[in-house]
Amino acid sequence: MPMNRSAHVLKTFAVAALLAGTGSAFAAKTLVYCSEGSPEGFNPQYYTTGTTFDAVSVPMFNRLVEFEIGTTKVVPALAESWTASPDGLTYTFKLRKGVKFHSSARFKPSRDFNADDVLFSFNRMADPNHPLAKTLPGATYAYFDDMDMKNIVDRVEKVDPLTVRFVLKKPEAPFIANMAMDFASILSAEYADKMKAAGTPEVIDREPVGTGPFQFVSYQKDAVIRYKAFDQHWGGRPKIDNLVFAITTDASVRYAKLKAGECHVMAFPKPADVALMKNDPNIDLVQQNGLNVGYIAFNVEKKPFDNKMVRQALNMAVNKKAILDAVFQGAGQVAKNPIPPTLWSYNDKVQDYPYDPAKAKELLAKAGYPNGAEVELWYLPVTRPYNPDGKRMAELIQADWEKVGIKAKLVTYEWGEYRKRSKTGEQHAMMFGWSGDNGDPDNFFVPLLGCSAVKGGGNVARWCNQSFEDLVQKAKTTPQQADRAALYMKAQEIAKEDAPWITIAHSVRFDPVRKEVIGYKMDATAHHYFNKVDLRQK
């Protein structure tokens with residue numbers, strides 16, 4: 001459950017005391033980021049949430065290709081170049097020479113990054129019999145599974161120490177964009193071997209060793225994560241010396257700390273505070289339309305949500321405009337599709353369900369629920385870029401459903417537990433959302449509504465519609481964007497008709513940044529990156 005305000009005040013003092021070990025928040029070249037929650041863990045292969053990716057992308061900013069910060073343009077990273085075969089089945093990556101891994105108290109690397117690390121990182125996810133496939137109880141390669149990578153990549157080959165080849169089972173139009181995503185991060189094979197030999201293989205997933213611009217120092221759960229600049233980073237040393245994530249789940253407390261100078265950047269402000277931030281002379285408010293969607297997913301494996309008419313009725317019962325006004329304070333737009341209108345292939349001709357409680361009651365009666373039903377509505381325990389206040393949204397939906405005879409019990413859990421339970425299908429109706437990772441529609445349709453993502457846990461509606469699946473799978477193997485767009489537009493019509501979700505909103509994102517921060521750029525994929533920023537000296 002979310003902490004109360006008194007608990008947050010105590011926690012603020014605790015974090016301040018922790019920060020005192022490295023000086024104040026304004027010690028030379030120490031940047032403090034007030035993040036919104038604790039990461040699920042520190043291996044990006046295992047998890048799918050932005051909270052986790054923010055935390056792990058700092059040390060694990062080490063993929064073969066990356067998105068240029070602020071865009072969805074793919075640029076070289078650990079691979080200095082790549083080529084694709086004419087048939088789209090083979091991708092060859094020439095690896096960058098001289099890339100150093102971080103060291104830690106347990107590990108001192110004896111070699112640079114090479115092809116062995118790429119093979120280890122991908123084979124570990126692909127092969128359930130790999131000796132290091134499972135090191136943490138219950139952990140799964142959720143994103144790899146949700147993206148159906150086992151049915152895309154046939155094998156990864158080492159051509160020479162600095163060349164690797166990915167051989168695909170079928171052409172995959174978004175393959176390069178997918179390789180820039182967090183789950184494709186490269187781990188150190190040498191580190192893994194040493195921890196396995198020491199009898200502590202789980203350490204590789206708890207104490208991250210990467211090649212990124214900052215290296216991991218320590219983590220105190222629910223309080224603070226510390227990083228320091230990596231002097232040997234292949235792209236150059238960051239301008240700041242220390243980076244601290246001050247975990248602060250309450251948006252009001254984050255704002256208070258930003259105003260007090262206890263942090264330099266904060267995550268996800270409350271919409272009601274945005275106007276104040278715009279008028280604060282000490283704060284720059286960076287904003288852009290979010291590549292995101294917030295939604296309510298119906299678990300179609302559980303009654304009454306196994307009935308399409310019930311799902312359609314509950315769509316009609318929700319006053320989205322009231323939610324946009326009360327929760328988002330108008331900073332966004334009502335959603336009717338699973339993808340935002342900023343993304344190519346958006347189908348603007350799709351007709352959303354109207355707000356019509358009377359029609360909703362008629363449909364419920366026709367579906368066999370003339371006296372309504374009792375359900376659970378799970379709501380987000382943390383602020384997300386696609387939802388600034390999960391509890392308030394849940395209360396509004398609860399009241400709307402009550403008008404048509406549906407009694408909703410509101411349920412939530414700590415963020416990690418919320419995600420863990422959702423992967424097993426325990427949920428009834430569930431509040432969730434998504435921020436795009438790569439600017440490709442496939443990144444929304446497949447991991448959120450694809451059949452393979454039911455097993456991986458990203459498809460929390462547990463909806464597998466074969467007509468929809470056939471369209472999105474065909475789009476993956478179709479080379480021309482216009483042809484892919486036509487397939488995705490049809491898929492959106494099917495998703496609206498079958499109604500596995502109530503699409504709620506696409507939000508505007510805001511990043512409040514103190515004036516002394518130089519060079520901060522809002523990222524298109526909703527990450528927060530600090531390797532290019534600097535601090536003005538006082």
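**Close-up views of a predicted model**

View 1. Tyr33, Phe42, Phe216, Tyr219, Tyr227, Phe245, Tyr520 and Phe530 are linked into a cluster by ring pairs, where rings of Phe, Tyr and Trp (its six-membered ring) pair if their centres lie within 6.5 Å, and planes under 30 degrees apart count as stacked, over 60 as edge-to-face and the rest as tilted. The model is predicted, so local features need pLDDT of at least 70 and side-chain atom pairs count only at pLDDT 80 or more, whereas totals for chains, interfaces and linings use all residues. Residues are numbered from 1 along each chain as its sequence is written, and side-chain values use heavy atoms, with hydrogens and water left out. By the ring rule the count comes to 30 aromatic pairs. The ring centres of Tyr33 and Phe530 are 5.3 Å apart and their planes stand at 50°, so this pair is tilted. The pair links distant parts of the chain, 497 residues apart, with Tyr33 in strand β1 (residues 30–35) and Phe530 in the loop between β19 (517–518) and β20 (534–535); helices (H or I, at least four residues) and strands (E, at least two) are DSSP runs, numbered from the N terminus. Both Tyr33 and Phe530 are buried, a term that means under 20% relative accessible area, with exposed meaning over 50% and partly exposed in between (1.4 Å probe, protein chains only).

View 2. Strand β8 (residues 214–220) runs antiparallel to β9 and is joined to it by 6 bridges; two strands pair if DSSP finds at least two bridges between them. Tyr219 has Ile225 in β9 as its bridge partner. The hairpin of β8 and β9 has 3 residues between the strands, and in it Asp222 takes a positive phi near 65°. On to strand β10 (residues 242–247), β9 makes 5 bridges, again antiparallel, and the bridge partner of Arg226 is Val244 in β10. Of the 6 residues of β9 (residues 224–229), 5 are buried, so this strand is largely enclosed by the rest of the structure.

View 3. Strands β6 and β7 (residues 163–168) are joined by 6 bridges, and Thr163 in β7 is the bridge partner of Asp160.

View 4. A nonpolar core is a set of buried Ala, Val, Leu, Ile, Met, Phe, Trp, Tyr and Cys residues joined through side-chain atoms within 4.5 Å. The largest has 123 residues, of which Leu64, Phe93, Val118, Phe166, Phe175 and Trp401 touch the most other members. Helix α3 gives the most to this core, with 6 residues. Leaving out residues up to four places away in sequence, Phe175 touches Tyr91, Phe93, Met149, Val153, Phe166 and Leu168, contact meaning heavy atoms within 4.5 Å. The axes of α3 and helix α6 (residues 189–197) come within 8 Å and cross at roughly 65°. In this contact, Asp116, Asp117 and Phe120 of α3 meet Ala189, Glu190 and Ala192 of α6.

View 5. Arg311 is found in helix α10 (residues 308–317) and, at 4% relative accessibility, counts as buried. Beyond four places in sequence, Arg311 touches Phe298, Val300, Phe305, Asp306, Asp498, Ala499 and Pro500.

**View 6. Two loop residues with positive phi.** Most residues other than glycine have a negative phi. Phe268, in the loop between β11 (265–266) and α9 (274–278), has a positive phi of about 45° and is buried, with a relative accessible area of 7%. Gln329, in the loop between α11 (320–326) and β14 (332–334), has phi near 55° and is partly exposed, with a relative accessible area of 45%.

Terms used. Axes fitted to C-alpha atoms, helices over the stretch in contact; angles between N-to-C directions.
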